[in-house]
Amino acid sequence: MSKPRAVHPFLFAIFPIVFLLSHNVEQVSYRDVLFPAMLVLGLTLLAFLSLSIILRNSNKAAFFVSISLLLFFSYGHVYDLIQGLQVAGHSIGRHPYLLLVWAEIFASGVYWLPRSRIGVHHVTKLLNIVSLCLVVFSLLNIGLYELHAAKPAEGRATTGTDAVERSTPTDTERLPDIYYIILDGYASSQTLNQMHGYDNGPFTDSLAERGFYVAHDSRSNYPQTFLSLASSLNMEYVNDLTDVVGEDSEDRAIPYRMIKDSSVLRFLRSSGYRSIHFRSGWGPTFRNHHADLNIHCGGTNEFTVVLLRTTMIRPLERDFAWSLRERVLCTFSELATIPTIDGPKFVFAHILSPHPPFLFGRDGEPVSDASPLMTLGATWEQEDYLNQLMFVNTQVESLVDEILSESAIPPIIILQADHGPATSFRNTAGAGWHNPTDEMLRERTSILNAYHLPGVCSDLLYDSITPVNTFRLIFNCYFETDHRLLDDEIYFCSYKEPYEMWAVTDTVTD
């Protein structure tokens with residue numbers, strides 16, 4: 001019989017990536033997976049070829065590579081299980097101890113294989129079968145998702161109906177730049193005062209002094225970012241998605257497309273605007289190929305961060321947080337340079353702050369024990385949230401001053417949160433999302449919503465305006481459209497069942 005060829009190192013290399021994707025396929029772009037997959041496969045091939053030359057035995061080389069990969073990619077999972085574990089009052093759930101155990105396991109495998117009575121060819125065949133099954137099961141899960149997602153995708157247009165009417169401006173040189181800046185998880189001043197004991201009045205007063213209208217009673221239409229942005233960027237409610245994808249679905253494909261190829265973007269580009277997109281690091285706002293310019297400020301996307309935390313790089317996770325800090329700082333810095341670009345511009349920047357991860361102290365200093373998690377497993381700590389919010393305030397004030405002073409035409413600036421914080425959800429073990437208290441509903445839906453609208457448009461604003469009406473009002477005022485302002489409704493849904501929506505308007509506005 002012919003000797004089996006060792007393919008298991010490459011299957012074990014790709015399995016952790018495919019597995020993580022299969023469990024988050026509705027939230028992750030395949031493009032986000034491509035780079036880590038190619039990098040891991042490339043390094044695996046290099047290690048396999050090098051060891052094959054050194055050992056003069058490709059099957060033994062494959063075994064050493066596979067055991068290294070299994071240890072490398074399982075480290076973070078084991079660390080999560082033992083973190084904080086104590087024996088006889090001594091903490092053993094620490095990196096030095098686990099790294100020592102991993103080194104002993106690797107050394108034992110290296111020692112055992114040459115001396116084992118089991119033929120290396122049998123080991124190769126077994127590992128080939130096991131690794132293939134692992135990858136196939138994950139791919140089947142992804143395939144089933146795609147089959148399910150493909151059917152409802154035809155049931156709804158990716159953008160609104162009456163929201164994409166074309167505008168033909170007479171003089172593009174007089175059009176104001178439009179900045180749509182999403183400060184993720186930024187609560188209203190009322191909620192910050194009542195639920196967090198923090199007076200944000202000096203910040204909102206400073207915005208008012210700079211010509212902003214702050215809608216003090218504003219709330220998000222939805223509690224999840226992808227629903228909130230799909231709604232605001234298409235100037236419509238998205239409740240009909242429940243009928244399209246199903247109440248039990250987690251499929252986010254349609255709202256993700258609605259965020260990227262939105263009615264607002266289409267309208268403004270048809271009106272002579274250049275679209276500038278700041279890459280956020282999160283899902284559908286990480287990049288936008290429909291935009292004319294994507295500005296990348298470094299840092300890694302959330303999928304890569306979560307993947308790295310499962311590996312033996314986990315002890316260096318503070319360095320991941322550092323790169324995320326740099327993205328936030330870079331975004332504020334680069335936004336201030338936009339006025340120097342010629343022509344009317346629509347600028348979209350989704351800044352993942354003051355939302356976790358909590359990377360900044362109140363004066364911008366690094367947080368020593370910062371976790372790099374964004375949405376997947378992010379934890380809301382009240383004190384850390386407030387400290388980061390205070391720092392964001394200083395950045396926003398400086399940014400607004402730069403934009404206003406450098407713009408030849410007074411710009412439209414929208415500072416808006418996609419939803420409020422979730423500090424009250426911390427100790428509910430997930431139950432709060434399915435059975436939220438009134439306090440939870442109020443905290444999660446309260447948002448900062450501030451508008452700099454030069455001219456007469458500010459007279460049309462009102463304190464309870466919600467994001468769904470943001471661009472309806474702006475387009476009516478600056479582009480002479482005739483969009484009807486919608487009733488300001490607020491809906492809630494759980495994180496795992498986003499299409500099971502129920503109205504909470506009366507509860508949160510009492």
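Predicted model: local features only at pLDDT ≥ 70, side-chain atom pairs only at ≥ 80, totals over all residues.
**Exercise 1. Get an overview: how many helices and strands does the protein have, and what share of its residues is buried?**

Step 1: Start with the secondary structure, where you'll find 18 helices and 11 strands.
Step 2: Turn to burial, and 54% of the 510 residues come out as buried.
Step 3: Finish with the contacts that have a separation of 6 or more: 76% of them link residues 24 or more positions apart.

**Exercise 2. Find arginine 444 and work out what lies around its side chain.**

Step 1: Locate the residue in helix H16, which runs over residues 438-445.
Step 2: Arginine 444 is buried but has no salt bridge. Aspartate 184 is the nearest side chain of opposite charge, at 6.5 Å, and a salt bridge would need the atoms within 4 Å.
Step 3: Look for polar neighbours instead. A polar atom of the arginine 444 side chain sits 3.0 Å from the backbone oxygen of proline 223. The side chain of histidine 419 also makes a polar contact with the side chain of arginine 444, at 3.5 Å.
Step 4: Widen the view to contacts beyond four places in sequence. Arginine 444 meets several residues there, among them Trp380, Phe425, Trp433 and Phe492.

**Exercise 3. Move on to threonine 445: is this residue buried or exposed?**

Step 1: Threonine 445 is also found in helix H16.
Step 2: Its relative accessibility is 0%, so threonine 445 counts as buried. The cut-off for buried is under 20%.
Step 3: List what threonine 445 touches, skipping residues up to four places away in sequence: Ser218, Arg219, Ser220, Gly420, Ile490 and Val508.
Step 4: Compare sequence with space. Glycine 185 is 260 residues from threonine 445 along the chain, yet their C-alpha atoms are 9.3 Å apart.

**Exercise 4. Head for the surface: which residues make a nonpolar patch of about 440 Å²?**

Step 1: The patch is built from Phe35, Leu39, Leu43 and Leu46.
Step 2: Test its exposure. Phenylalanine 35 has 60% relative accessibility and therefore counts as exposed, since the cut-off for exposed is over 50%.

Conventions:
Residues numbered from 1 in each chain as written. Heavy atoms only, no water. Helix = DSSP H or I, 4+ residues; strand = E, 2+ residues; numbered from the N terminus. Buried < 20%, exposed > 50% of the residue type's maximum accessible area, 1.4 Å probe, protein only. Lys, Arg positive; Asp, Glu negative; His and termini not counted. Polar contact = N/O pair within 3.5 Å; in protein donor to acceptor, adjacent residues only side chain to side chain. Contact = heavy atoms within 4.5 Å. Patch = residues over 30% accessible without salt bridge, like charges linked within 9 Å, V, L, I, M, F, W, Y side chains within 5 Å. Areas by Shrake-Rupley, 256 points an atom, 1.4 Å probe, with all protein chains shown as cover.
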